[in-house]
Structure formats: C-alpha cells, structure tokens
Amino acid sequence: MRTLIKNIKELVGVEKAPQLRKQGKEMAVLETIKDAYLIVEDGKIAAFGPMAELKEENADRVVDAAERLVFPTFCDSHTHIVYANSREHEFVDKIRGLSYEEIAKRGGGILNSAKATAAASEDELYDMARQRLDDVMRMGTGAIEIKSGYGLSTESELKLLRVIRRLKETSPMTIKSNFLGAHGIPMEYRGHQEDYVDLVINEMIPKVAAEGLADFIDVFCDQGFFTVEDTARILEAGIKYGMRPKIHANEMAVSGGVQVGVKYGAISVDHLEQMGDAEIECLKGTETMPTILPGCAFFLNLPLSPARKMIEAGLPVAMASDYNPGTSPSGNMQLILSMACIRYRLTPEEALNATTLNTAYAMGVSNEVGSIAVGKKANFYITKPIASYEYMPYAYGENKVERVFLNGIEV
Ligand code: NIG
Ligand code: FE
C-alpha cells in the first residue's frame, strides 16, 4: 500500500539524519520543507521532498494537502489515563484554598481515585481509557506512555496494567506501559510506609514482570510521598526485572528525586517544578530526559520549571501532558505546545521538538516516531488551512488538527 500526500504547504519536523533527541541549542533547529510531498509505504515513511522533485504520482491513495501543514504526531511520554472517576470536587476545594498536599493527607487525591478504580471492572476501565485515548489521538497524539498507579494493591495494579496491555493490542497508537505501584501510600500503611514499599518490591514487581506487563518502573519521589531511600529500593528491584526507571520528581520540593533518578539511569525524570542548580548540574552528560508537565503546573498553580535555564545549560527538555484526574485533567498536546511557548518561553521550534522527538526519547521510541524521517512510522497529522507552523502554538485552545494518520492509515 502506497500513499502520497501532495501539495503540502509546509512539511514540518523532517530529519534527513535522524537524532534520538535534541539538546541545548539543537532544540531550536526544526527543519521544514515548503510545498512538499510525503510518500508512505506499508505504514512507514518512504520518501519526502519538495513537490518540484516528485517524479511520479502513482500511488494507491493520493491525498491533496493544499493550504495545509503536515506535522509528526505528538508523543505524550507521561500520562495516567486508566482511572475510574473524575475529581472536580477536589478542584473546587482547591479553588477555596486547600493545597494538593492537604487534600492528599486527608485521604483525597490519589487515594480517592484508587478507591473508585478498585471498584471498577477491567472492562469498564478499558472502555473509559479507550475513550480518552481516542480523544487525544484525534487531537494529534500518536504515541503515549500510560502508567498504572490508581490500584495501590497487587490485584488492582495488575488490573490496570492488563488494561494498558489491551490498549496496546487494540489501538493504532504506539503505547508504552509504566508500573507506578509507588504512587500513593494507602491509609492502612500510614506511619509504616516501608511495609508498603516491601509489598511493591516483594509481591507486585515479580507479578508484574511475570506477565510482562511493564516497560518502565515509576515512583512518586517527593515530599509527603516516597522518600529517596524508598525510591532507590524500588528502582533497584524493578531494574532486576528489566524495567527501566522513569520517575516523578521535584513536584512539591527539591526532594533528591532528580539525583536518585539519574543514579539509576532513569530514561526520564518528570515534573521538575522545584529545580536548583545542583539538579541541572546533575542532569548534564546523562541519558536522562528532563520532562516538564505544563498542564500540572497550570492546574495546580505551581511554580514553573526553569525550562530556559535548562536549555541554556545545554540540556534537552521534553514536555508531556501528565493527563490524570487530579493534577492535569487534559491530554491535549496542542495546549501543552502553546503553554511551552507562552509560559516557559520556548520558541515554537523548541516547543515542537519538546513535544515530539524529545518526548519520544523519554518513552524509548525516538528511533521509530517523533519526526518525519525515512523508515519511521508514518505517524503525522494534517492541519486545517493555517498560515504557518508558528500558528500551532499561537492559536491556543483551538483544534488545528484536521486529519490524523497512524502507521500510514487515517484514524
Ligand atoms: O503526576 N504527582 C503524582 N501523580 C500525578 C497526580 C496524581 C493524582 O493526583 O491523581 C501527577 O501529577
Ligand atoms: Fe504524573
């Protein structure tokens, strides 16, 4: 099957010599081709270039993209979309003055979601997560990482991970799964959380591994949640079973989370609202992708992660949605792209790299998605008629995506 997309006003995010990620000054480099074509063969990108160089138009399917731009689909490297209930009552509590930590302390927050999620069946959870997945796909997301973490018991965590496995099997999206048993401390373990950490290590991790359910292992390493010591123990155990760390760090406080993540070779450390110079220094020269979650900082009114400072220090930066019911109830990556520019002062070029190639890296798939390169999956979207690629972050809140293709097939 050969598909030709022709008359593309501008083909954005092309790479002739593909890189696995972009860091520092490279983040400002975004190659494009005006008046371009793109050829897809058997689900992969086979060729692209200026229309003037298109030799023949023979294809099983021809799509005319006149007036429209084509972009690689977004990669969303941090989400928690398998959950049962929304939490708008806590949202109102927060407006009235309660903090996220105060709500969590009295059994709300993650524990509130865990209760409802435990009561839901695997089929119900699958249906709800599938709906969310399809919604973000239509807004331009082509690859996504999904965490467990609203189970907090062995049985429930396995149930969530099996839902993610089903999503992998049935959705055209590229999906990676992340075991986040250490997301919250269940009430009955308050005061002796090391016993919950033992449960995660001795019971959950071996069972998750036995079914091959997780690509990554995560811990919410932060003030009021899991300590650096808890995190180190859990990551060590996960690594033994072949799960690569990818962790939540420095949302509430400068918690040592970045350092412990880097020490254990995390593929990414995420959140980073609280960053000192030591954290930036520690990330230099490592394989770890610093990942900012603009939706969470927006929703909770948190301080902004110093994205510019990190880029100027030569680091790569990725930006993901954190789609979850408590701190970021949206998986709209077009909005994340806008926030990257408006709130974090990234240029449109940097913001596009942060939400495509670098997030692909942060979920270990930048060799197959994240840019328009020959041999990569044909994952791209065609915009509505728009003037330029800068219009994408500029016109925030508006859906600029008209058609989405994953593996070369329109979804
Ligand atoms: O990434 N920070 C920890 N976990 C989620 C929030 C989960 C929740 O409140 O339900 C996050 O923000
Ligand atoms: Fe998260």
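**Reading the ligand and iron sites**

Both His78 and Asp322 are buried, where buried means under 20% relative accessible area, exposed over 50% and partly exposed in between, with a 1.4 Å probe and protein chains only. This is a predicted model, in which local features need pLDDT of at least 70, side-chain atom pairs count only at pLDDT 80 or more, and totals for chains, interfaces and linings use all residues. Residues are numbered from 1 along each chain as its sequence is written, chains are lettered from A and ligands numbered from 1 in the order in which they are written, and side-chain values use heavy atoms, with hydrogens and water left out.

Q: Which protein atoms are the donors of the iron ion (ligand 2)?

A: Donors are N, O and S atoms within 2.8 Å of the metal (3.2 Å for Na, K and Ca); water is not among the atoms, so sites may look incomplete. Here they are His78 (NE2), His80 (NE2), His248 (NE2) and Asp322 (OD), at 2.1 to 2.3 Å from the iron ion.

Q: What spacing do the donors follow along the chain?

A: The spacing is H-x1-H-x167-H-x73-D. His78 belongs to strand S6 (residues 74–79) and Asp322 to the loop between strand S13 (318–319) and helix H12 (333–342), so the pair ties together parts 244 residues apart in sequence. Helices (H or I, at least four residues) and strands (E, at least two) are DSSP runs, numbered from the N terminus.

Q: Which residues surrounding ligand 1 are the closest?

A: A residue is near a molecule if one of its heavy atoms lies within 4 Å of it. Ligand 1 is surrounded by 15 residues, the closest being Tyr100, Tyr150, His183, Glu251 and Thr327.
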